[in-house]
Amino acid sequence: MIELAAVFAVAGAASNAVGTAFQRRAASTSSRSGFRLLAELARRPFWMIGMCGVICAALFQSLALVNGPLALVQPLFILELPFALLVAAPLMHKRLPRSGWWGVGGCVAGLAVLLIAAAPHGAGAHAPLTRWVPALCLCLGAMAAAVLLAGRGGAPARRAALLAAASATGNALTAALLKSASGTFADRGFTAFLGAWQTYAFALTGVAAVVLLENALQAGPLAAAQPALTIGDAVVSLTLGIALFGERIRTGWWLVPEVCGGLLIVVGVLVLSRAVQHIAVVPAAPKQRHAET
């Protein structure tokens, strides 16, 4: 079941990357913010395509969380970063430089080393309320603090990173709530699923994360938003998996390859972020230029 969870998680990362790339294309041409931005984007075809990718990602994520631990599933969403850049570059009529491919390789290799060494296990679908209350308070408090700091202005990259970090925390919390609600559905059926508070909580936090994501993509460059979104989601999810569901990872000498894998991921993300700043514009074909004008 662990292998099945990994397959669903990778499919979810790819779907979410497609959704993010199309949403970025739609949000980049708007000057609105907040819910007004969401209302404007809802009328744009590119944004609707992006939302379809997000919905498919949520379905794959649910299947992955039912079959595997949160500490395995959500870190695999780090693959969303290279997927998103590979999709976004041609979508924005640009070409990823050679260094970007080294960044993609670093992210993939680092993630493989990290997860093989950590071997997350001990997945549980439910947690007592005594664990949920502090987790909810900490996550929601961190999201509110990031939004307040972003609202004070500053460089676009800083605002994008802060809003993306808030969205990442919301995504991780949504995944934890979704795992619990999906476990209720698998164990006790649809009626119990509708009666669980986690069902409505993950819907609310999911909406909040989407709104924060749209504002992050509109506030600054993807190079600032995507790393904070992807890495933040993985770190918070790993923490929630251990704190809420009692999931475990290997320690002892296994910490050495785990740290090496994590460092390789960070280097890959930094390389990708710099590569985005040097993406070359690909001339559009005459028919395409005519259609866009």
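Guide: Helices are DSSP runs of H or I with at least four residues and strands are DSSP runs of E with at least two, numbered from the N terminus; on that basis the secondary structure of the protein comes to 13 helices and two strands. This is a predicted model, in which local features need pLDDT of at least 70 and side-chain atom pairs count only at pLDDT 80 or more, while totals for chains, interfaces and linings use all residues. Residues are numbered from 1 along each chain as its sequence is written, and side-chain values use heavy atoms, with hydrogens and water left out.

Visitor: Why is Cys 52 called partly exposed?

Guide: Buried means under 20% relative accessible area and exposed means over 50%, with partly exposed in between (1.4 Å probe, protein chains only). The relative accessible area of Cys 52 is 46%, and therefore this residue counts as partly exposed. By the burial rule, 47% of the 293 residues of the protein count as buried.

Visitor: What makes the phi of Ala 119 worth a remark?

Guide: Most residues other than glycine have a negative phi. Ala 119, which is not a glycine, has a positive phi of about 45°. Its place is just after H6, in the loop between H6 and helix H7 (129-150), and at 26% relative accessibility Ala 119 counts as partly exposed.

Visitor: What makes a group of residues a nonpolar core, and which members of the largest one touch the most others?

Guide: A nonpolar core is a set of buried Ala, Val, Leu, Ile, Met, Phe, Trp, Tyr and Cys residues joined through side-chain atoms within 4.5 Å. The largest has 41 residues, of which Trp 132, Leu 240 and Leu 244 touch the most other members. Helix H8 (residues 156-188) gives the most to this core, with seven residues. A second, separate core of 17 residues includes Leu 163, Ala 164, Leu 217 and Leu 229.

Visitor: How do you know which residues are in contact with Trp 132?

Guide: Contact means heavy atoms within 4.5 Å, and once neighbours within four places in sequence are left aside, the partners of Trp 132 include Leu 173, Leu 177, Trp 197, Leu 244 and Phe 245. Across the protein, residues 24 or more positions apart account for 85% of the contacts with a separation of 6 or more.

Visitor: Why is one space called a pocket and another a cavity?

Guide: On a 1 Å grid over the protein atoms alone, a cavity is a set of points where a 1.4 Å probe fits but cannot get out, whereas a pocket is an open set with protein on both sides within 12 Å along at least five of seven lines, and lining residues have an atom within 4 Å of a point. Grid points are joined across faces, edges and corners, and a volume is the space filled by probe spheres set on the points. The largest pocket has a volume of about 560 Å³, and of its 25 lining residues Val 54, Ala 58, Gln 61, Asn 171 and Val 210 are the closest to its centre. H3 gives the most to this lining, with eight residues. The second largest pocket holds about 300 Å³, and the closest to its centre among its 16 lining residues are Ile 78, Leu 114, Ala 234, Val 235 and Leu 238. The search finds one cavity of 30 Å³ or more, which is lined by Asn 16, Phe 77, Glu 80, Asn 171, Leu 229, Thr 230 and Asp 233.

Visitor: How do you know which classes the lining residues belong to?

Guide: Ala, Val, Leu, Ile, Met, Phe, Trp, Tyr, Cys and Pro count as nonpolar, Asp, Glu, Lys and Arg as charged, and the others, Gly among them, as polar. The lining of the largest pocket divides into 15 nonpolar, nine polar and one charged, that of the second largest pocket into 14 nonpolar, one polar and one charged, and that of the largest cavity into two nonpolar, three polar and two charged.
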